[in-house]
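Work through these exercises with the structure open beside you. Try each task before reading its solution.

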Amino acid sequence: MSKKTVLTGITTSGTPHIGNYLGAIKPAIQASEDARYNSFFFLADYHALIKCHDPARVARSSQEIAATWLALGLDTDKATFYRQTDIPDITELTWLLTCMTSKGLMNRSHAYKASVDANRDAGKEDVDDGVTMGLFGYPILMAADILMFSADIIPVGKDQIQHIEMARDIAGRFNHTYEPLFTLPSAQVDESSQLIPGLDGRKMSKSYDNTIPLFCTAHELRKLVNQIVTDTRGPGEPKDPDGSALFQLYSSFATPEQTTEMHQKYLEGIAWSEAKSELFECLDSQLSTPRARYNELMNDLGSVEDILQKGAIKAREKSAPFMEKVRIAAGIRPLTYVPAQSLTDAPVKKEKSAEELARVEQGRRRAIIMQLKPLFDRVTAADDKAEMAKLVLTEKACEVEQLKKKQKQKAQNELDILAEELAQYS
Ligand code: TRP
């Protein structure tokens with residue numbers, strides 16, 4: 001059975017908080033340890049520009065979010081970890097998808113509608129006031145992120161479900177109009193992670209300004225925990241654990257045994273001050289090691305950048321050839337491109353001369369060589385070219401092996417040409 005691909009991104013417009021950790025980063029890292037999945041995680045920095053026009057904040061957030069994933073132990077040999085803007089294919093795909101997206105679909109986007117509603121409520125004449133084309137088309141950029149890597153499963157919060165559905169719609173239209181190149185993704189929503197409350201008891205979110213930064217100092221962490229809302233019940237009075245933000249947070253970090261024990265303590269009337277201090281101890285004991293690692297990484301951003309660059313190379317090995325296929329499907333082709341099957345399928349009007357056939361064959365070969373360019377680049381960039389040539393050929397041969405009949409013939413042609421071109425290195 002082929003592996004499923006899990007993909008998720010985090011917008012680089014703020015400091016990672018406990019809600020991001022429990023809701024997105026922790027489950028994603030767990031999935032990346034699971035051999036049944038291929039995983040792609042990225043910094044959605046072009047998404048940040050939609051809402052945040054403070055360059056220092058966007059840049060700082062990218063550093064923090066990158067360091068956070070690594071500090072929490074993401075294994076970048078297993079997962080592909082990259083920055084959206086290092087993959088130009090994504091923005092190229094955004095345009096192709098923009099041309100496959102009806103405006104009406106975007107009119108229905110929650111993020112856009114929320115702005116329109118706010119303008120209407122404020123009595124503004126122009127309901128589109130302050131809406132950029134970036135905000136309006138935001139779901140298309142997100143669709144490109146997802147479709148570029150043929151992702152199957154997208155772990156997201158509830159607010160993002162609509163965007164995954166839009167990605168499916170857009171992919172379906174492309175597949176129908178051109179060629180079925182895109183995998184239709186599904187959202188995966190973890191209900192329990194939706195319940196992470198912030199300082200004021202509402203869902204923890206940047207937009208409510210009620211977050212606890214994941215790697216603030218122990219001192220700040222204690223201060224923030226002390227600010228979490230409680231009711232007015234005094235020490236000794238029984239408290240409702242299930243209605244308490246403090247208890248919810250505790251149970252998200254503690255073991256099931258500790259949680260049951262704490263549940264009991266609430267019923268027995270633990271003082272809020274003591275409950276807070278227990279929550280602080282629990283958080284701090286789990287966060288102190290990754291916090292130290294985070295601080296190290298924030299002081300060594302060069303090595304974080306190197307990791308992102310390696311991730312970008314890995315991601316582009318997939319995205320560049322795929323983008324080429326997408327472009328070709330839509331008719332953006334080298335002038336000499338001849339579709340492989342037209343040589344065999346097209347009704348033969350007139351016998352072609354040997355010369356003509358040779359010309360066509362040469363054009364076809366050139367087009368295939370262009371498609372294979374990322375592979376040739378890998379070989380020419382390698383120190384040991386012979387070794388890399390061998391590796392590239394083996395990978396391609398495996399790919400051919402797995403294909404169905406019709407696609408196999410096409411891929412076999414590519415393999416043959418690849419082998420001929422790389423023969424010089426062996
Ligand atoms: N829009 C998402 C958010 O704000 C972040 C994001 C961008 C994303 N591209 C994505 C999430 C692709 C999943 C898949 O949370």
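**Exercise 1. Domains**

How many Å separate the centres of domain 1 and domain 3, taken over C-alpha atoms? Then describe the contact between these two domains.

*Solution.* Keep in mind that this is a predicted model.
- Step 1: Find the domains. The domain assignment lists domain 1 (4-195), domain 2 (215-298) and domain 3 (319-425).
- Step 2: Take the centres. Over C-alpha atoms, those of domain 1 and domain 3 are 32 Å apart.
- Step 3: Look at the contact. Domain 1 supplies ten residues and domain 3 supplies eight residues.
- Step 4: Name the main contributor. On the side of domain 1 that touches domain 3, α4 gives the most, with five residues.
- Step 5: Sort that side by class. It has seven nonpolar, no polar and three charged residues.

**Exercise 2. Helices α4 and α13**

At what angle do α4 and α13 pack, and how far apart are their axes?

*Solution.* 
- Step 1: Locate the helices. Helix α4 covers residues 88-98, and helix α13 covers residues 301-330.
- Step 2: Read the geometry. The packing angle is about 25 degrees, and the axes lie 10 Å apart.
- Step 3: Apply the cut-off. Angles under 35 degrees count as roughly parallel, so α4 is roughly parallel to α13.
- Step 4: The crossing of α4 and α13 is left-handed.
- Step 5: List the residues. From α4 come Asp89, Ile90, Glu92, Leu93 and Leu96. From α13 come Arg316, Ser319, Ala320, Met323, Val326 and Ala330.
- Step 6: Sort them. The contact of α4 with α13 holds seven nonpolar, one polar and three charged residues.

**Exercise 3. Around the ligand**

Which residues surround the ligand, and which element gives the most to this shell?

*Solution.* 
- Step 1: Collect the shell. Leu7, Thr8, Gly9, Thr11, Ala44 and His47 are among the residues around the ligand. The list also includes Met142, Asp145, Ile146, Ile154, Val156 and Gln160.
- Step 2: Assign elements. Two or more residues come from each of β1 (4-11) and α7 (133-148).
- Step 3: Pick the top one. β1 gives the most, with four residues.
- Step 4: Count by class. The shell has six nonpolar, five polar and one charged residues.

**Exercise 4. Helices α7 and α8**

Is α7 roughly parallel or roughly perpendicular to α8?

*Solution.* 
- Step 1: Take the angle. α7 and helix α8 (residues 161-177) pack at about 75 degrees, with axes 9 Å apart.
- Step 2: Classify. Angles of 65 to 115 degrees count as roughly perpendicular, so α7 is roughly perpendicular to α8.
- Step 3: Find the contact. α7 uses Pro139, Ile140, Met142, Ala143, Ile146 and Leu147. α8 answers with His163, Met166, Ala167, Ile170 and Ala171.

**Exercise 5. Helices α9 and α12**

Is the crossing of α9 and α12 left-handed or right-handed?

*Solution.* 
- Step 1: Locate the pair. The axes of helix α9 (residues 218-227) and helix α12 (residues 272-298) come within 9 Å and cross at roughly 145 degrees.
- Step 2: The crossing of α9 and α12 is right-handed.
- Step 3: Name the partners. Ala218, Leu221, Arg222, Val225 and Asn226 of α9 meet Lys276, Leu279, Phe280, Leu283 and Asp284 of α12.
- Step 4: Sort. The contact of α9 with α12 has six nonpolar, one polar and three charged residues.

Note on methods. Residues are numbered from 1 along each chain as its sequence is written. This is a predicted model: local features need pLDDT of at least 70, side-chain atom pairs count only at pLDDT 80 or more; totals for chains, interfaces and linings use all residues. Axes are lines fitted to C-alpha atoms, for helices over the stretch in contact, and angles run from 0 to 180 degrees between N-to-C directions. Angles under 35 degrees count as roughly parallel, over 145 as roughly antiparallel, 65 to 115 as roughly perpendicular and the rest as oblique. A crossing is left-handed if the near helix is turned anticlockwise from the far one by less than a right angle, and right-handed if clockwise. Two residues are in contact if their C-beta atoms, placed from the backbone, lie within 7 Å. Ala, Val, Leu, Ile, Met, Phe, Trp, Tyr, Cys and Pro count as nonpolar, Asp, Glu, Lys and Arg as charged, and the others, Gly among them, as polar. A residue is near a molecule or strand if its C-beta atom, placed from the backbone, lies within 6 Å of it. Domain bounds come from an automatic or database domain assignment.
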